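Reader: I have a model open on my screen and would like to learn how to read it. Could you take me through it feature by feature?

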Amino acid sequence: MESYFLRFSKVTKKLHMNQSPFFFIVYVFSLLPTSIVTSTLSGQPLAGEMSCSAPSRSSFLIVKSQMATEEKPVSGDRMLVYVPPHPLIKHWVSVLRNEQTPPPIFRNAMAELGRLLIYEASRDWLPTVNGEIQSPMGVASVEFIDPREPVAVVPILRAGLALAEQASSILPATKTYHIGMSRDEETLQPTIYLNKLPDKFPAETRVFVVDPMLATGGTIVATIELIKERGVENRQIKVISAVAAPPALQKLSDKFPGIHVYTGIIDPTVDERGFIVPGLGDAGDRSYGTL
């Protein structure tokens with residue numbers, strides 16, 4: 001089977017934040033049979049080759065926050081992958097990568113990374129309600145998260161528990177539904193051992209699906225299919241992950257166009273055992289000391 005590599009091309013999307021123009025630089029993944037991946041921003045080879053096996057086509061976008069000077073439309077039917085450039089996100093990813101990091105610190109780093117990614121993912125996505133309140137100095141116009149609009153967090157056990165640990169500190173009035181999945185070490189196919197999803201999600205529920213490692217994509221795809229069976233559309237789902245790899249992103253893009261993924265970093269490849277390389281190892285075992 002021919003191995004394809006990912007090449008980046010750039011388009012930009014302008015958003016308005018606090019009356020000032022804010023731009024996202026969006027890198028389009030084009031799967032092409034080539035041996036060198038080159039950034040169109042710098043013209044320099046990227047660190048490592050991002051390899052996967054897939055048909056040649058553009059299918060999803062990588063988004064990094066930056067200032068830019070032009071505006072071009074971004075297709076709404078493509079999956080968007082956001083890699084926030086915040087230095088704290090880079091810091092906690094680095095702590096997670098270190099093989100010397102002990103389980104308690106690893107688990108705390110995972111929780112901190114999840115908190116930051118959920119914060120970024122909830123930007124301009126949560127429903128709000130306006131009103132007026134009396135402050136000690138006068139009447140103030142205010143804006144609160146609307147508690148009547150449902151927001152759900154779905155961590156995939158085990159490691160998803162650590163990444164979603166601080167979700168409730170970021171998101172008021174959320175409900176948490178757990179999914180437990182194990183992966184066959186030979187076939188790499190997921191098996192469900194726990195399903196606490198509701199029979200039907202309320203209309204317009206916003207769902208954060210939390211899975212630290214997007215490697216082969218089997219687990220995250222199976223989970224989202226279960227969620228969609230319960231009345232949730234692609235546009236209502238955001239995926240939170242610590243590390244992602246091209247095979248999983250390709251599967252998500254193929255099956256769920258328009259979905260958004262927020263990840264700490266994208267690594268180049270997955271090995272024959274289904275582990276992301278360089279990755280950070282088994283996130284569940286490292287979180288709970290069961291290596």
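Predicted model: local features only at pLDDT ≥ 70, side-chain atom pairs only at ≥ 80, totals over all residues.

Reader: What share of the residues counts as buried?

Author: Buried means under 20% relative accessible area, exposed over 50%, and partly exposed in between, with a 1.4 Å probe and protein chains only. In this chain of 291 residues, 48% are buried. As for contacts, meaning heavy atoms within 4.5 Å, residues 24 or more positions apart make up 66% of those with a separation of 6 or more.

Reader: How do I check the length of helix 2?

Author: The expected span is 1.5 Å times one less than the number of residues. Helix 2 (residues 103–121) has 19 residues and should therefore span 27 Å; its end C-alpha atoms lie 26 Å apart, which agrees. Its buried residues include F106, M110, L113 and L117.

Reader: Which residues have the most contacts inside the largest nonpolar core?

Author: A nonpolar core is a set of buried Ala, Val, Leu, Ile, Met, Phe, Trp, Tyr and Cys residues joined through side-chain atoms within 4.5 Å. The largest one here has 38 residues, and M110, L113 and I240 have the most contacts inside it. Among the elements that give two or more residues to this core are helix 1 (87–97), helix 2 and strand 14 (237–244). Helix 2 gives the most, with eight residues. Apart from this core lies another, of 31 residues, among them V81, V154, I156 and Y177.

Reader: How many aromatic pairs does a search of the whole structure find?

Author: A pair of aromatic rings is described by the distance of the centres and the angle of the planes. Rings of Phe, Tyr and Trp (its six-membered ring) pair if their centres lie within 6.5 Å; planes under 30 degrees apart count as stacked, over 60 as edge-to-face and the rest as tilted. The search finds three pairs. One of them, Y82 with Y262, is stacked, at 4.5 Å centre to centre and 5 degrees between the planes. Y82 lies in strand 5 and Y262 in strand 15 (residues 260–266), so the pair ties together parts that are 180 residues apart in sequence. Both Y82 and Y262 are buried. Another pair, W125 with F208, is edge-to-face, with 5.0 Å between centres and 80 degrees between planes.

Reader: Are V261 and T223 buried or exposed?

Author: V261 counts as buried because its relative accessibility is 0%. V261 is in strand 15, and, leaving aside neighbours within four places in sequence, its contacts include V81, Y82 and V239. T223, in helix 5 (residues 218–228), is buried because its relative accessibility is 0%. With neighbours within four places in sequence left aside, T223 is in contact with V154, I156, I179, M181 and V209.

Note on methods. Residues numbered from 1 in each chain as written. Heavy atoms only, no water. Helix = DSSP H or I, 4+ residues; strand = E, 2+ residues; numbered from the N terminus.
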